[in-house]
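Load the model in your viewer and keep the sequence panel open. This tour moves from one selection to the next.

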Amino acid sequence: MKKRILALLFTVAMLFTVVSCENVEYIEPVSKEEESIEQGDRFEQLESMLPPIETEDELPQERDFRILTSVPSVFMTDEDSPKTINTAVEKRNELIKKKYGANIKVDAISEGKALSTIKSSLSADNDIYDMFSLSAKTTVSLYLAGLLTDMNTLPDFSLDSEFMDGEFSKTLATGSSLYLLPDATTLVYEDSYVMFFNRDLILSAGAENPESLAMQGVWTWDKFNEIARKTANDVYNHSSASLETDTFGFGAYYDETTYPMTMWVSTDTSLISDSYKNPVEFTASIDDILEKTQKLRSFYNTKGKFALQGDESAGAFEENRIVFYCNKLEYLYALRDGTTKGSQFGILPIPKYSEDQEGYSCLIDNDAMVLSVPFTVQQRSEGDKRFVSAVILATCAASKTTVKEAFIDYHIAQYLNSNDETVMLQLIADSAKFDFGTVYGSEIREVRRALTAPISDYLSFGSGLRNSFANAMSAFKRYCSDNFK
């Protein structure tokens with residue numbers, strides 16, 4: 001999994017790197033003593049900033065905070081986790097106990113059994129859990145089953161708090177209600193879609209270095225297309241191609257719906273914008289969507305695309321026959337087999353739509369975990385609810401300052417080959433985002449038909465985009481009015 005990066009030093013280096021672009025210098029790591037002092041100072045400062053629990057109830061000085069999750073190592077130290085991740089988790093838990101008297105207790109459950117188990121246990125008035133941490137897809141199922149608390153009803157809880165992760169935390173808000181909370185706590189980065197590339201093929205073709213383009217902020221779909229065509233020139237220009245022997249411009253492990261939606265999210269164009277404490281409304285321009293998807297389709301529907309997905313496409317990429325390859329970041333572990341080998345394979349954020357786009361935008365898969373609160377918490381005393389609210393706030397606040405750093409630093413030590421790759425990983429982590437339509441559309445037909453199907457069907461098959469949106473919009477608006485209060 002993960003480790004800790006160089007905090008302020010690395011941030012300064014990142015700014016310098018983006019400006020200078022070339023000849024990136026390695027950064028000398030801070031000593032263990034300096035690292036420990038810095039981390040200790042940050043947690044001490046955070047403890048002094050976190051608000052006390054103010055309630056008329058007499059709360060116990062110490063009590064358990066129970067979490068049900070499919071990945072216990074996110075909340076408790078684990079012998080199989082990297083030391084740096086364990087350290088970050090341990091210090092966070094120490095902070096929460098010192099500030100609020102909360103003993104973090106974790107129970108594990110598989111994603112496949114979560115819905116049925118939670119439904120049966122909670123219906124039996126088994127009120128033992130304070131928080132869930134499960135995949136976004138599973139959590140939507142819990143929401144639809146009425147098993148979650150609207151976190152906006154928790155006292156003193158607000159995503160506008162300085163302790164929360166800004167717009168990232170608000171992505172999945174549903175009007176005045178909030179049931180799914182994205183946060184760095186759950187280490188979502190491995191489930192981000194990225195663009196792998198074959199460095200040797202690109203270098204041999206004399207094409208531009210995509211890492212340099214990414215650091216300059218000009219890594220776009222146009223550049224992607226130019227490099228792919230120059231590197232896999234034969235397959236683009238021939239009437240037929242061999243899947244067994246030819247070199248292709250690009251491929252994807254998850255093609256069909258996932259890669260088209262990854263392309264769309266890369267444009268950073270929200271179909272649903274500002275849904276936190278605002279009505280869930282379709283706010284995008286159909287003309288803008290059509291213009292962007294037409295351009296994206298010209299890059300997707302080409303002879304240079306490797307026609308197969310899954311293991312067949314991964315095999316071709318690893319055989320040096322695909323220039324660019326879209327997969328989850330966790331695929332890096334398979335490529336490098338727990339080491340820094342496989343240097344011919346690099347990582348990039350998903351390209352931008354255009355150079356003037358503010359930043360990169362990498363779709364997070366629905367397998368990534370989010371935070372939620374069981375509906376039984378609604379029935380507790382005001383003091384108990386304030387306790388739950390305070391611990392969640394503290395968890396998010398502590399993770400905001402440490403988890404991404406721990407994740408990146410682990411990769412620096414274990415998998416990355418150069419400072420350029422470190423910068424790429426930082427860009428990816430900074431640009432990772434959930435998509436409202438992709439998450440809720442995984443379980444809600446009205447959302448899927450209105451927000452994701454029109455775009456993915458157009459990119460994949462050339463379906464009529466305007467008609468698809470028009471046909472689905474009335475049902476979507478009704479669903480939002482009835483459910484996203």
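**Before you start**

This is a predicted model, in which local features need pLDDT of at least 70, side-chain atom pairs count only at pLDDT 80 or more, and totals for chains, interfaces and linings use all residues. Residues are numbered from 1 along each chain as its sequence is written, and side-chain values use heavy atoms, with hydrogens and water left out.

**Stop 1: confidence**

Colour by pLDDT, the predictor's confidence in each residue, from 0 to 100. The protein chain averages 89, and 92% of the residues score at least 70. Now select residues 1-37, where pLDDT stays under 50. The model has 77 contacts beyond four places in sequence for this stretch; a contact means heavy atoms within 4.5 Å. Where pLDDT is low, the predicted coordinates should not be read in detail.

**Stop 2: the sheet around β4**

Switch to cartoon. Helices (H or I, at least four residues) and strands (E, at least two) are DSSP runs, numbered from the N terminus. Two strands pair if DSSP finds at least two bridges between them. Select β5, β6, β4 and β7: in that order they make an open sheet of four strands with mixed pairing. β5 (248-252) and β7 are the edge strands, each pairing on one side only. Neighbouring strands are turned by 25° against each other on average, direction ignored.

Which residues of β4 point which way? Show side chains on 193-198. Tyr-193, Met-195 and Phe-197 point one way, while Val-194, Phe-196 and Asn-198 point the other. In a regular strand the side chains alternate between the two faces of the sheet.

Step to β6 (residues 322-328). β4 pairs with β6 in the antiparallel sense over five bridges. Tyr-193 stands opposite Lys-328 here.

Step to β7 (residues 345-348). Four bridges join β7 to β4, and the two run antiparallel. Click the facing residues in turn:

- Met-195 stands opposite Leu-348.
- Phe-197 stands opposite Gly-346.
- Asn-198 stands opposite Phe-345.

In β7, Phe-345 and Ile-347 on one side and Gly-346 and Leu-348 on the other are all buried.

α13 lies across β4, β5, β6 and β7, at about 135° to β6. Axes are lines fitted to C-alpha atoms, for helices over the stretch in contact, and angles run from 0 to 180 degrees between N-to-C directions.

**Stop 3: the β2-β1-β3-β9 sheet**

Select these four strands: they form an open sheet in that order, with mixed pairing. The edge strands are β2 (102-108) and β9 (369-372), each pairing on one side only. The twist averages 25° from one strand to the next. β1 (residues 63-69) and β2 run parallel, joined by seven bridges. Arg-66 has Lys-105 in β2 as its bridge partner. Helix α4 (residues 111-123) packs on this sheet, touching β1 and β3 (131-135), and its direction makes about 150° with that of β3.

**Stop 4: the cores**

A nonpolar core is a set of buried Ala, Val, Leu, Ile, Met, Phe, Trp, Tyr and Cys residues joined through side-chain atoms within 4.5 Å. The largest has 122 residues, and those with the most contacts inside it include Met-195, Trp-219, Phe-324 and Phe-484. Helix α19 (residues 465-483) gives the most to this core, with seven residues. Apart from it lies another core of 37 residues, among them Leu-46, Ile-67, Ile-96 and Tyr-276.

Methods. Buried means under 20% relative accessible area, exposed over 50%, partly exposed in between (1.4 Å probe, protein chains only).
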